Amino acid sequence: MASVSTPPLTRSNSRSMSIDPSKLVPMDKTTALQGTGDFNVVFVGAGNIMFGSDEGPWNHSFRFEHKLGPRLKIVALIDPAVERATATLQKKRETFVRSAYENTRVYKTLDDFISNMTPNQAPRVFVVGSPPMFRGTQQPGRDVEMQIVKHFPGVAIFIEKPVATGPSSEIDEAFKVAKFIEDSKIICSVGYMLRYLKAVQMMKKIIEENNLTVMATIARYATAYEAIAKSDWWDKSKSAGPIIEQGTHFCDLSRYFGGDVDITTVTAHSLEWYEQAGKLSKQVIDESLIKEENRIPRVTAATWKYESGAVGSLTHLVALQGHDYSCELEVYADGYQLKLVNPYVQPVLYVRQPGNDSEETYRFPDDDPFFSEVSVLIDNIEDIEEDPDTARILCSFEDACKSYQLTWAIREASEKSRKKRV
Ligand SMILES: NC(=O)c1ccc[n+]([C@@H]2O[C@H](COP(=O)([O-])OP(=O)(O)OC[C@H]3O[C@@H](n4cnc5c(N)ncnc54)[C@H](O)[C@@H]3O)[C@@H](O)[C@H]2O)c1
């Protein structure tokens, strides 16, 4: 029978690619960061990830407000949809966090900001939450990271996942952007927030402390499609499809445990929209408006070899109704099964280890990985040189490029093997 426990709290080596779970403090149990002076931030994108929506718990502005308290100053909001950005700011100015937004100026483009910036607007960090089709390349208009690094040397960047969504022929460019960022030595974090879950860090700790070698990762990601009302999400020409846009979180988490993937080994199959088993009854968008060749698969199942020899697999499903997703990741090592269930809603970790055939159950109430990723980023910007114990950023741009590459390999393998339409 499974027993229920709270996670053991021990310290970990903060220089490793993991964080002591006890250091991941929920937002309501932390106080705003001490320190003096304004902390200037530029937001690129005024959409859901930055300001929240009904679709999920993401909302970066909310976490920045809590982490920085009255020090937070959003000096610029860059978004070509000026009306949306202005309306969003207006709402913020009517709340108790007004001081962060009262002097925020809206700019259509990064170039506008660069040309008109005043010295007291000099930012400490850019938070990039624009659509990935406009970033991750070296091409004008789609090279926001390189422009930021060139014009604001030394300034930190936070970038949302995925790093890009252009054609797969552009993946090399994303790696070049990664090299450019790495050479600049700036602080850069990519928003694979599931890495910051306490449950995930506990899995890492078990692996590190027991000196384990991962043998397999098994990921299942079942979307509640009824809740997805954004028509772009259903259109591969806009979103790049559900593996690249969404399954990417679990591809990244699989890689976080399994390591680098031998991309030549990726195989995949899909259930397509035109197959009998792929018919959906509760889509809230009108799929007939999307070109047939751009409609997304309902199921994608992939396997691959990691460079270590371990085996990875992912099944992504567009099958559930209602609101909550059903997602699980299992990690196996000699004698061990670490099973992460429901990471988006209420993470539970089941651990089976040598000496006991039953699982231990760990729950993590109030954990907020979105807050933890923001918190770790700001701690690094504020005091990385003074405090060698500052928790390390868990996803670099290069690491995120590797996850992006894996998602493209899965999409292409599934398209090659798909059942042709009769
Ligand atoms: N980590 C997560 O769980 C999570 C959740 C939601 C979204 N995201 C990611 O965040 C990113 C944005 O998603 P969203 O849901 O906020 O989209 P959104 O459509 O709600 O918002 C995007 C905003 O960016 C603006 N924009 C367009 N082009 C721009 C440009 N060149 N420069 C600046 N702004 C531009 C749009 O006008 C829009 O206001 C995507 O990469 C998405 O995958 C991540």
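The model is predicted: local features need pLDDT of at least 70, side-chain atom pairs count only at pLDDT 80 or more, and totals for chains, interfaces and linings use all residues. Residue numbers start from 1 along each chain as its sequence is written.

**Two domains**

Let us begin with the overall layout. The protein is divided into domain 1 (24-193) and domain 2 (194-366 + 397-417), with bounds that come from an automatic or database domain assignment. Their C-alpha centres lie 26 Å apart. The contact between them takes 21 residues from domain 1 and 23 residues from domain 2; two residues are in contact if their C-beta atoms, placed from the backbone, lie within 7 Å.

On the side of domain 1 that touches domain 2, H7 and strand E7 (188-190) each supply at least two residues. Helices (H or I, at least four residues) and strands (E, at least two) are DSSP runs, numbered from the N terminus. Which element gives the largest share of this side? It is H7, with seven residues. By class, this side of domain 1 has 16 nonpolar, two polar and three charged residues. Here Ala, Val, Leu, Ile, Met, Phe, Trp, Tyr, Cys and Pro count as nonpolar, Asp, Glu, Lys and Arg as charged, and the others, Gly among them, as polar.

**A helix pair**

Now look at H7 beside helix H12 (residues 397-417). Their axes come within 9 Å and cross at roughly 170°. Axes are lines fitted to C-alpha atoms, for helices over the stretch in contact, and angles run from 0 to 180 degrees between N-to-C directions. H7 and H12 are therefore roughly antiparallel to each other, a term for angles over 145 degrees. Among the residues that meet are Phe-175 and Ile-181 in H7, and Tyr-404 and Trp-408 in H12. The residues of this contact divide into 10 nonpolar, one polar and two charged.

**A covered helix**

Helix H2 (residues 60-68) is mostly covered, with eight of its nine residues buried. A residue is buried if 20 or more other C-beta atoms lie within 10 Å of its own, exposed if 12 or fewer, and partly exposed in between, with C-beta atoms placed from the backbone. The buried residues include Arg-63, Phe-64 and Leu-68. They pack against several elements, including strand E3 (72-78) and helix H11 (369-383). Just after H2, Gly-69 takes a positive phi of about 55°.

**Around the ligand**

Of the 22 residues around the ligand, Gly-47, Asn-48, Ile-49, Ala-81 and Ser-130 come nearest. A residue is near a molecule if its C-beta atom, placed from the backbone, lies within 6 Å of it. This shell has 11 nonpolar, six polar and five charged residues.

Most residues other than glycine have a negative phi, and most peptide bonds are trans.

| Spot | Backbone value | Loop |
|---|---|---|
| Lys-161 and Pro-162 | cis peptide bond, omega about -20° | Pro-162: between strand E6 (156-159) and helix H7 (171-184) |

Are the two asparagines buried or exposed? Asn-211 is exposed because 7 other C-beta atoms lie within 10 Å. Asn-342 is partly exposed, with 14 other C-beta atoms within 10 Å.

Notes:
Parallel < 35°, antiparallel > 145°, perpendicular 65-115°, else oblique.
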